[in-house]
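Hello,

Here is the structure I promised to pass on to you. Please have a look at it first, and then read my notes below.

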Amino acid sequence: MPKTVGIGIQDFQKVMERDCFYVDKTRFLKEWWESQDDVTLITRPRRFGKTLTVSMTEQFFSVRYKDARWMFEQLVIWKEEKYRRLQGTYPVVSVSFARVKGSSFPLVREKICQILTDVYQRHTFLLEGNLLTDAEKEYFHRVTDKMDDAVAEIACNRLCEYLARYYGKKVILLLDEYDTPMQEAYLGGYWKEMADFVRSIFAAAFKDNPYLERALLTGITRVSKESVFSDLNHLKVVTVTSRKYQDAFGFTQQEVFDALEEYGLSDRKHEVKQWYDGFQFGECANIYNPWSVINYLDERKLDDYWVNTSSNKLVEQLIGRGGADVKRIVEILLKGGEFRTRIDENIVYGDLDTDEGAVWSLLLASGYLKAKECRVNAKGEKEYVLTLTNQEVACMFRRMVRNWFSVCSSNYNDFIKAMLVGDLEAMNTYINRVALATFSSFDTGGKPSRACEPERFYHGFFLGLSVELSDRYTVTSNRESGFGRYDVMFEPTDSFGNGMVIEFKVHAPSKEKSMEDTVSAALSQIIEKKYALKLEAKGIAKGRIRIYGFAFRGKEVLIGGGWLADFDGGVSYNGKNL
């Protein structure tokens with residue numbers, strides 16, 4: 001009979017005690033120990049077993065679990081006598097920053113201090129006897145959630161010293177989800193204060209620590225060394241493109257297929273692969289999302305389990321505020337396409353507002369994109385061909401785009417209906433309500449120019465349309481047709497449907513006296529450059545092609561247009577022949 005599927009258990013001992021479904025990943029312990037790396041940072045997407053791996057590592061090595069051999073006796077690590085002797089022989093300090101979240105630096109700083117305080121409270125036995133001097137005991141009691149920076153910065157270092165003295169052996173230090181405070185700081189606008197604070201803690205814990213045997217850090221992103229790991233030259237970084245530990249996180253295809261067989265779901269291999277496969281770590285392809293697979297075994301139905309487990313706020317913000325190029329690439333990805341770009345795996349959160357290319361590095365590290373291939377260009381730079389990871393991620397991206405307009409969903413939907421039937425009066429009413437409600441979703445957070453604001457809005461807006469109308473139209477943007485490149489084209493999937501071509505223009509007072517003149521200029525460009533030729537070549541007559549000109553001035557929008565056949569004699573704002 002198959003084992004019970006336990007959902008959300010991140011404590012290795014609980015998994016073993018309850019005899020829940022578990023894929024044996026204890027080979028990681030041997031690989032990590034024999035690597036001889038002093039400090040290892042492993043980055044993997046969320047819900048890929050990082051916390052369970054840290055728990056397993058603690059409970060294998062820690063003297064607190066020296067009587068817990070039973071947890072490992074049936075697993076692969078126990079086959080070697082060397083590791084049977086090693087189990088339960090080291091002092092281990094395990095810390096997690098997973099719950100360090102908040103909107104302000106003082107709040108998040110206090111949470112970090114509370115976590116360090118909790119760790120100290122688990123080791124109050126060190127205060128017994130004369131192991132510590134009076135001064136050291138006094139310092140021990142100063143470790144509280146209200147401690148000053150000087151105390152907090154050396155808390156991990158001091159605890160390692162005390163434990164090494166107590167056990168006569170250097171300490172293994174584990175830090176799970178080390179980068180959560182970094183992401184919170186970026187979103188909350190207190191990046192510099194947070195980077196300065198954790199940099200000093202990390203330096204004392206991982207660099208200037210003679211009492212450290214080994215250290216293991218896990219996270220989602222590789223935060224740049226200059227940001228938080230200054231001068232930590234012995235740090236071994238293992239990212240999603242590294243070959244080390246490449247099958248230790250996530251499930252391999254064989255592990256998934258074996259599980260499906262065990263649970264009587266062998267006929268579901270293809271659909272499970274389509275939804276949850278697609279990750280690649282190092283040279284190990286066909287890695288499956290473990291959280292989704294486990295939930296599928298439990299629920300026995302396909303769903304986007306992984307992307308619903310936590311907020312995708314950072315991703316939504318970066319893409320929403322990204323410019324035209326970012327949104328065009330998302331359009332390509334949602335259609336199953338791919339693109340090539342340079343990737344710097346060092347995430348500099350302070351640069352995310354100014355370096356739009358950094359969003360792809362973040363999405364690759366976070367698991368939303370996968371690298372199909374890697375090439376070195378003529379400049380010696382690594383270029384990756386990236387695509388969406390799988391069907392589950394594609395669902396998340398579509399939902400993300402819809403969320404941009406959730407605050408005005410009724411007006412947004414009414415605009416779509418009006419556009420499809422050519423009701424200009426209704427289109428103008430609803431588009432201005434949508435623009436007023438959603439402009440902030442496409443704000444860069446800095447001080448964008450007035451010309452930049454509408455560009456970010458309308459590319460986001462029509463990315464939304466491409467999602468909403470994907471069952472009725474093939475929506476493309478910035479493609480060649482006629483004698484130029486149109487902004488947006490809607491090609492009907494139904495042979496009897498109507499086509500649409502749209503041109504955007506930002507009102508330029510030096511060129512046009514009024515918004516109406518800007519609309520006329522947009523419509524004239526569609527006609528003069530024959531943007532509709534692509535639709536006409538597919539047999540769609542001018543009487544079935546609507547053209548629209550959009551004029552933007554700040555948050556104000558004006559739309560004009562009509563059937564292409566009605567513009568043979570020229571155009572003006574109201575669509576009448578000149």
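Predicted model: local features only at pLDDT ≥ 70, side-chain atom pairs only at ≥ 80, totals over all residues.

**Strand S1 and its sheet**

Strand S1 and strand S4 (residues 212-219) are paired in the parallel sense, with five bridges between them.

How many of the residues of S1 are buried? Five of the five residues of this strand (residues 39-43) are, so S1 is largely enclosed by the rest of the structure. Both of its faces are covered, with Val39, Leu41 and Thr43 buried on one side and Thr40 and Ile42 buried on the other.

Stepping back, these strands belong to an open sheet of five, in the order S2-S3-S4-S1-S6, with parallel pairing. Strand S2 (92-96) and strand S6 (235-238) are at the edges; each has a single partner strand, so one side of each lacks a neighbour in the sheet. From one strand to the next, the twist averages 15°. The partner of S2 is strand S3 (residues 171-176), joined to S2 by five bridges and running parallel to it. Along that pairing, Val95 stands opposite Leu175 in S3.

**Helix H9 and Glu184**

Next, please find helix H9 (residues 180-188), where Glu184 sits. Seven of the nine residues of H9 are buried, so this helix is largely enclosed by the rest of the structure. Among the buried ones are Thr180, Pro181, Met182 and Tyr186. Glu184 is buried too, yet has no salt bridge. Which side chain of opposite charge is nearest to Glu184? That is Lys101, 5.4 Å away, and a salt bridge has to be within 4 Å. Leaving out residues up to four places away in sequence, Glu184 touches Val100, Lys101, Gly102 and Tyr190. After H9 comes Gly189, which has a positive phi, near 80°.

**The nonpolar cores**

The largest nonpolar core has 153 residues, and Trp360, Phe397, Phe490 and Phe550 have the most contacts inside it. Helix H10 (residues 191-207) gives the most to this core, with nine residues. A second, separate core has 33 residues, including Tyr22, Phe28, Phe60 and Tyr90.

Enjoy exploring!

Best wishes

Definitions and conventions:
Residues numbered from 1 in each chain as written. Heavy atoms only, no water. Helix = DSSP H or I, 4+ residues; strand = E, 2+ residues; numbered from the N terminus. Buried < 20%, exposed > 50% of the residue type's maximum accessible area, 1.4 Å probe, protein only. Lys, Arg positive; Asp, Glu negative; His and termini not counted. Contact = heavy atoms within 4.5 Å. Pairing = 2+ DSSP bridges. Axes fitted to C-alpha atoms, helices over the stretch in contact; angles between N-to-C directions. Core = buried A, V, L, I, M, F, W, Y, C linked by side-chain atoms within 4.5 Å.
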